[in-house]
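Student: I would like to go through the terms used for this model and see what each one rests on. Where do we start?

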Amino acid sequence: MTATALSARIVPPRPAWHTLLWIAPLTLLWTLLIYWEPAIWASGVSTTAHQLMAHGLIALGLWLGLERSRLTPGQRRTTWLAVMIPDTLWFAVAWSAAVNDMFRTGASPLPLLPLAILLPVMIGAPLLLLSKRVGQVLDTTPASWLIALQLYRVFGSWALAAWLRGVLPGVFALPAGTGDLLTGLFAVPAAIALASGTAQSRRAAVIWNIFGLADFAVAITLGMITSPGQLQFIVPSVPSIGAGAYPGVLTPAFVVPSSILLHALSLRQLRRCGRPETPKPREPSK
């Protein structure tokens, strides 16, 4: 019996989907709460809290992954700081700009919101995906971690609550909010199933990542064509996300690029895990 088959018996994939029995009701409860009490979301406290929680989990997961690697203590500290310092500064700048309405349409001659989405990905993706040291950390870190982390995507249901209140257009909120919600709901089940080590669960994890990235592609595109500007093709009756209002604008300004990078790292990790081991040359018989 192979190790993969043995681990599949120890951690059967079927119970993984049972986590939806508690994730889905809690998500529904949260969505109804911010719908009935919009002041909770409008205050920005819940937005900042869940993004700080995600930031803290990334920091903790990175450190735990570094501890599993063969890097020296000095290399671990350097690598952790090299990732977390830019990420922390980026969150601080995005939060400050959002609070000061710098992302609002017409507030700057530069397209600050598209830049906030694209620049971190354009800069961070090559650095993270081509780094040998990051590759060493991914090789020793359970592949399920990067997937389970994106449970926070269930907070994307805020867009659906905003649509129900009539403050966000359905042409944007319905596909973007639903895509985020489904990505977050299935993050933990996909991660638990992946821990079984089967080829089927690995394919499911790849599909989950592709779906999450496709959700962002749709949301970014709809956000651009429904927002005031040269690319606006749809003029909704209420302002779209591109209006740049706090706290909703923090989602595209910080959460979207962060999640895109997590998807990219997860796909790199799954690809490295799926590579067949190079057979060792046989020793000549004596």
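Tutor: With the secondary structure: the protein chain has 13 helices and zero strands, where helices (H or I, at least four residues) and strands (E, at least two) are DSSP runs numbered from the N terminus. This is a predicted model, in which local features need pLDDT of at least 70, side-chain atom pairs count only at pLDDT 80 or more, and totals for chains, interfaces and linings use all residues. Residues are numbered from 1 along each chain as its sequence is written, and side-chain values use heavy atoms, with hydrogens and water left out.

Student: Why is S259 called buried?

Tutor: Buried means under 20% relative accessible area, exposed over 50%, and partly exposed in between (1.4 Å probe, protein chains only). S259 has 0% relative accessibility, so S259 counts as buried. Its place is in helix α13.

Student: What is S259 in contact with, leaving aside its neighbours within four places in sequence?

Tutor: With Q150, Y152, R153 and F216; contact means heavy atoms within 4.5 Å.

Student: And what makes I192 partly exposed?

Tutor: The relative accessible area of I192 is 30%, so I192 is partly exposed. I192 lies in helix α11 (residues 187–194). Its C-alpha atom is separated by 5.4 Å from that of A16, 176 residues apart along the chain.

Student: Why are α2 and α9 called oblique to each other?

Tutor: The axes of helix α2 (residues 20–36) and helix α9 (residues 158–165) cross at roughly 40 degrees and come within 9 Å. Axes are lines fitted to C-alpha atoms, for helices over the stretch in contact, and angles run from 0 to 180 degrees between N-to-C directions. Angles under 35 degrees count as roughly parallel, over 145 as roughly antiparallel, 65 to 115 as roughly perpendicular and the rest as oblique. The pair α2 and α9 is therefore oblique.

Student: Which residues meet there, in α2 and α9?

Tutor: T31, I34 and Y35 in α2 meet W158, A161, L164 and R165 in α9.

Student: Which residues touch the most other members of the largest nonpolar core?

Tutor: Of its 36 residues, these are F103, L113, Y152, A253, F254, L262 and L265. A nonpolar core is a set of buried Ala, Val, Leu, Ile, Met, Phe, Trp, Tyr and Cys residues joined through side-chain atoms within 4.5 Å. The largest share of this core, nine residues, comes from α13. Apart from it lies another core, of 14 residues, among them W30, A161, A162 and L168.
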